[in-house]
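The paragraphs below lead through one protein model, from the overall fold down to a few aromatic side chains. The model is a predicted one.

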Amino acid sequence: MSYLLHIIGRRWFIALLLAVNIGGTIYGYIWYESQLANTPLIFLLFVPDSPTASLFFCLVLIAFLFGKNIPILEALAAVTLLKYGVWAVVMILAAKVAGSNIGILNFMLITSHLGMAIQGLLYTPYYRIRPWHLILVAIWTIHNDVIDYIYNMHPGVASSIQPYIQEIGYFTFWLGIASLFTVYILNKTSLERQIEEK
């Protein structure tokens with residue numbers, strides 16, 4: 001684990017990971033294109049959950065390359081990557097259980113979203129998050145859930161689980177709380193590390 005943390009703290013690895021995340025972020029926004037086209041302007045920022053989480057992480061990685069920490073972005077990235085990474089995987093598997101077919105694209109989405117969740121947590125020792133940052137992120141995530149499930153702006157789900165949208169909203173809220181708690185615990189218990197100079 002110590003070797004892994006050493007590798008991910010090297011600038012060449014951060015640059016490589018940034019390139020991957022930029023590609024994933026662009027693809028994610030393209031994925032939401034049709035939904036965004038029908039979304040009221042006031043809600044636009046809160047609809048594309050996964051690519052926005054990835055965008056936060058891209059900004060964190062850019063800051064790392066410049067030897068900087070932006071704790072509020074680190075908190076936003078860590079919590080939302082975990083929340084929406086896990087959410088997407090659970091929704092795909094739930095749809096399968098409910099009778100939907102899972103194809104190659106679904107497996108690609110499972111892999112990429114698991115990667116989102118894992119990468120956000122792996123960088124915990126390099127973050128400089130404080131409790132008040134997580135309080136602000138809690139406001140963001142709860143506000144996002146209200147927009148998604150009260151104003152019906154949530155990401156599309158398979159037709160087989162659409163009848164359970166209220167339960168999905170309830171699950172999403174508590175997944176956000178669990179993500180906040182997980183990031184808080186990891187941040188509190190991890191030994192701080194510095195980005196390598198070379």
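**From fold to ring pairs**

Read along the sequence, this predicted protein follows the pattern α-α-α-α-α-α-α-α. That pattern corresponds to 8 helices and 0 strands. The radius of gyration is 17 Å, close to the 16 Å that the globule rule gives for 198 residues, so the protein is as compact as a globular protein of that length. Along its principal axes the C-alpha trace spans about 50 × 35 × 30 Å.

Of the 198 residues, 45% count as buried. Among contacts between residues at least 6 apart in sequence, 81% join residues at least 24 apart. The accessible surface comes to about 10600 Å², and carbon and sulfur atoms account for 72% of that area. As for charge, the protein has 10 positive and 9 negative charges, whose mean positions are 12 Å apart.

The structure also holds 10 aromatic pairs. In one of them, the rings of Trp12 and Phe13 have centres 5.8 Å apart and planes at 80 degrees; planes over 60 degrees apart count as edge-to-face, so this pair is edge-to-face. Trp12 is partly exposed, at 48% relative accessibility, and Phe13 is partly exposed at 22%.

Another pair is formed by Phe56 and Trp140, with ring centres 5.8 Å apart and planes at 70 degrees, so it is edge-to-face. Phe56 lies in helix H4 (residues 49-65) and Trp140 in helix H7 (residues 131-149), so the pair ties together parts that are 84 residues apart in sequence. Phe56 has 11% relative accessibility; because buried means under 20%, Phe56 counts as buried.

Finally, ring pairs link Phe57, Phe64, Tyr123, Tyr126 and Tyr127 into a cluster.

Definitions and conventions: Residues are numbered from 1 along each chain as its sequence is written. Side-chain values use heavy atoms; hydrogens and water are left out. Helices (H or I, at least four residues) and strands (E, at least two) are DSSP runs, numbered from the N terminus. The radius of gyration is taken over C-alpha atoms; the globule rule is 2.2 Å times the number of residues to the power 0.38. Buried means under 20% relative accessible area, exposed over 50%, partly exposed in between (1.4 Å probe, protein chains only). Contact means heavy atoms within 4.5 Å. Accessible areas come from the Shrake-Rupley method with a 1.4 Å probe; for residues, only the protein chains shown count as cover. Lys and Arg count as positive and Asp and Glu as negative; His and the chain ends are not counted. The place of a charge is taken as NZ of Lys, CZ of Arg, CG of Asp or CD of Glu. Rings of Phe, Tyr and Trp (its six-membered ring) pair if their centres lie within 6.5 Å; planes under 30 degrees apart count as stacked, over 60 as edge-to-face and the rest as tilted.
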